Amino acid sequence: MVKAYELRDLSKDDLTAKLSELRKELAQLRVAQVTDGAASKIARIKGVRKSIARVLTVHNQQQKTGLRKATANDKYKPKDLRSKKTRAMRRALSKSERTKKTLKQKRMAAAFPAVKFAVKA
C-alpha cells in the first residue's frame, strides 16, 4: 500500500509509471479472482484499488497547484479554480457595488438631508 506523503515527492512521470504498475497488478489480481486464486490475492484487490485512487488524487492535486501558479496573476481564473459558494452568492453584489448611489439618490440626499431631532430626557 502506498502512502500519499510518499507520492507527493514523485514527479509526474513517476506517478504515471506507478499508476500503470498498479493497474497491471489489479488486472492480475482480477484474473486470480476469476480462476479461484489464493484468498490472500483476492484480499489485496481492495488495497490496490485504494492505492490507485491515492495516486490519481496526488496527480490531480499536483496538476491543480501547477495551474494555480500559472494563472496566479491572470485577470480571470479557470472555472474549476474559482470558489464554488452558491449560485446566489456568486451573483450577489459586492460591498462596493452595494454602497454606490445613483445620481438621483445623491441629488435627493443633498436636497433633503435627514432631519436630526433633539430629544429631551
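Author: Thr99 is found in helix H5, which spans residues 95-99. Please note that the model is a predicted one.

Reader: Is Thr99 buried or exposed?

Author: The cut-off for an exposed residue is a relative accessible area over 50%. Thr99 has a relative accessible area of 56%, and therefore it is classed as exposed.

Reader: What distance separates the C-alpha atoms of Thr99 and Ala43?

Author: Along the chain, Thr99 and Ala43 are 56 residues apart.

Reader: Which residues does Ser51 contact, leaving aside its neighbours within four places in sequence?

Author: Ser51 belongs to helix H3, residues 39-70. Its relative accessibility is 3%, so Ser51 counts as buried. With neighbours within four places in sequence left aside, the contacts of Ser51 are Met1, Val2 and Leu22.

Reader: How are H2 and H3 oriented to each other, roughly parallel or roughly antiparallel?

Author: The axes of H2 and H3 lie 9 Å apart, and the two helices pack at an angle of about 160 degrees. Angles over 145 degrees count as roughly antiparallel. H2 and H3 are therefore roughly antiparallel.

Reader: Is the crossing of H2 and H3 left-handed or right-handed, and how do the residues of their contact divide?

Author: For H2 and H3, the crossing is left-handed. The residues of the contact of H2 with H3 divide into 13 nonpolar, 4 polar and 8 charged.

Reader: Which residues does Arg30 contact, leaving aside its neighbours within four places in sequence?

Author: Arg30 is a residue of helix H2, and its relative accessible area of 37% makes it partly exposed. The C-alpha atom of Arg30 is 17 Å from that of Met1, 29 residues apart along the chain. Leaving aside its neighbours within four places in sequence, Arg30 is in contact with Ile45 and Arg49.

Reader: What is the separation of the C-alpha atoms of Lys41 and Leu29?

Author: Lys41 sits in helix H3 and, at 41% relative accessibility, counts as partly exposed. Not counting residues up to four places away in sequence, Lys41 touches Leu29 and Ala32. Lys41 and Leu29 are 12 residues apart along the chain, and their C-alpha atoms are separated by 6.2 Å.

Reader: What is the phi of Lys85, and where does this residue lie?

Author: Lys85 counts as exposed, at 53% relative accessibility. The loop between H3 and helix H4 (87-91) holds Lys85. Although Lys85 is not a glycine, its phi is positive, at about 50 degrees.

Terms used
Residues are numbered from 1 along each chain as its sequence is written. This is a predicted model: local features need pLDDT of at least 70, side-chain atom pairs count only at pLDDT 80 or more; totals for chains, interfaces and linings use all residues. Side-chain values use heavy atoms; hydrogens and water are left out. Helices (H or I, at least four residues) and strands (E, at least two) are DSSP runs, numbered from the N terminus. Buried means under 20% relative accessible area, exposed over 50%, partly exposed in between (1.4 Å probe, protein chains only). Contact means heavy atoms within 4.5 Å. Axes are lines fitted to C-alpha atoms, for helices over the stretch in contact, and angles run from 0 to 180 degrees between N-to-C directions. Angles under 35 degrees count as roughly parallel, over 145 as roughly antiparallel, 65 to 115 as roughly perpendicular and the rest as oblique. A crossing is left-handed if the near helix is turned anticlockwise from the far one by less than a right angle, and right-handed if clockwise. Ala, Val, Leu, Ile, Met, Phe, Trp, Tyr, Cys and Pro count as nonpolar, Asp, Glu, Lys and Arg as charged, and the others, Gly among them, as polar.
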